[in-house]
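This briefing covers the salt bridges of one protein model. Please look at the sequence and the structure before reading on.

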Amino acid sequence: MGTTVDYVKPEKRPLWPSHVHDVDQSFSYFLGGSGNCGVLKNGKETLLINCNSGVASQKLKDNLSGQTPTLIATSTFPDYIGGANEFSFTKIITPRDVSETIEIQWGDETVVIEPVEATFSEKDIVVYLKNRKVLFLGGLFYNGIHPIIDSQRGLNPKNWVETLQALVKKYQPSHLVPHEGDVCEAKKLQGFVDYLQSLSDSAVEFSLCREKFDWPEIPGYTSLEENFDLLRNR
């Protein structure tokens, strides 16, 4: 493998079908679009973990019935907050606002916000719901889907893997929320770690990666070939 031609992305990011999955009376997932989101309610107040983009953001807003939520954005890239202008937020927390781990009490939940650096980009945050034992990893984790990787964002594959492993060890979550793909148990993370390690390891042939990681692509946006080149050259 190997290429000298830049990968050309479509002008408009493809979106997955989106839907709401209620976990309990106060907490739900908004899944699909350009990335999975969390919705945590405390009476009339709502906390969003990411707000998606495009028509998915409009659909998410419609589900909030005119509320003015607080937003925690795990990343500043459009897939996570591209639809922010659809909302009137009470407060927005992005990676730029978090220099150390902080906790927010939100109804029956303690929300932990932790910054991470030099993983899939220069700086991001992860969000842990302590009482529900749910860890939102944002763009650090894709579950069975070829991830969006961009070498211009500050990509560091070795630190990415070490950070993922450290976060799971630290929080011991029951469930992980990937940026894309199904919400899953923590043990599913190992498949993604294997992906990053295999594509980065010069001793592993592309054919073996093709056989092992026969995952869906984001149409026109990601591929095994592209990620192989990007990770192999870091």
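How many salt bridges does the structure hold? There are 11 salt bridges in this predicted model. Some of them are described below, grouped by where the partners lie and how accessible they are.

**The pair R13 and E180**
- R13 and E180 form a salt bridge through their side chains, with a distance of 2.3 Å from N to O.
- R13 belongs to the segment before strand 1 (16–22), while E180 belongs to strand 11 (residues 175–180), so this pair ties together parts that are 167 residues apart in sequence.
- R13 has a relative accessible area of 10% and is buried.
- E180 is also buried, at 1% relative accessibility.

**The pair K170 and E114**
- A salt bridge links K170 with E114, and their closest N and O atoms are 2.9 Å apart.
- Because K170 is in helix 3 (residues 157–171) and E114 is in strand 8 (residues 109–117), the pair ties together parts that are 56 residues apart in sequence.
- E114 has a relative accessible area of 13%, which makes this residue buried.

**The pair K187 and E185**
- The side chains of K187 and E185 meet in a salt bridge, at 3.6 Å from N to O.
- K187 is exposed, with 66% relative accessibility.
- E185 is partly exposed, and its relative accessible area is 43%.

Conventions. Residues are numbered from 1 along each chain as its sequence is written. This is a predicted model: local features need pLDDT of at least 70, side-chain atom pairs count only at pLDDT 80 or more; totals for chains, interfaces and linings use all residues. Side-chain values use heavy atoms; hydrogens and water are left out. A salt bridge is a side-chain nitrogen of Lys or Arg within 4 Å of a carboxyl oxygen of Asp or Glu. Helices (H or I, at least four residues) and strands (E, at least two) are DSSP runs, numbered from the N terminus. Buried means under 20% relative accessible area, exposed over 50%, partly exposed in between (1.4 Å probe, protein chains only).
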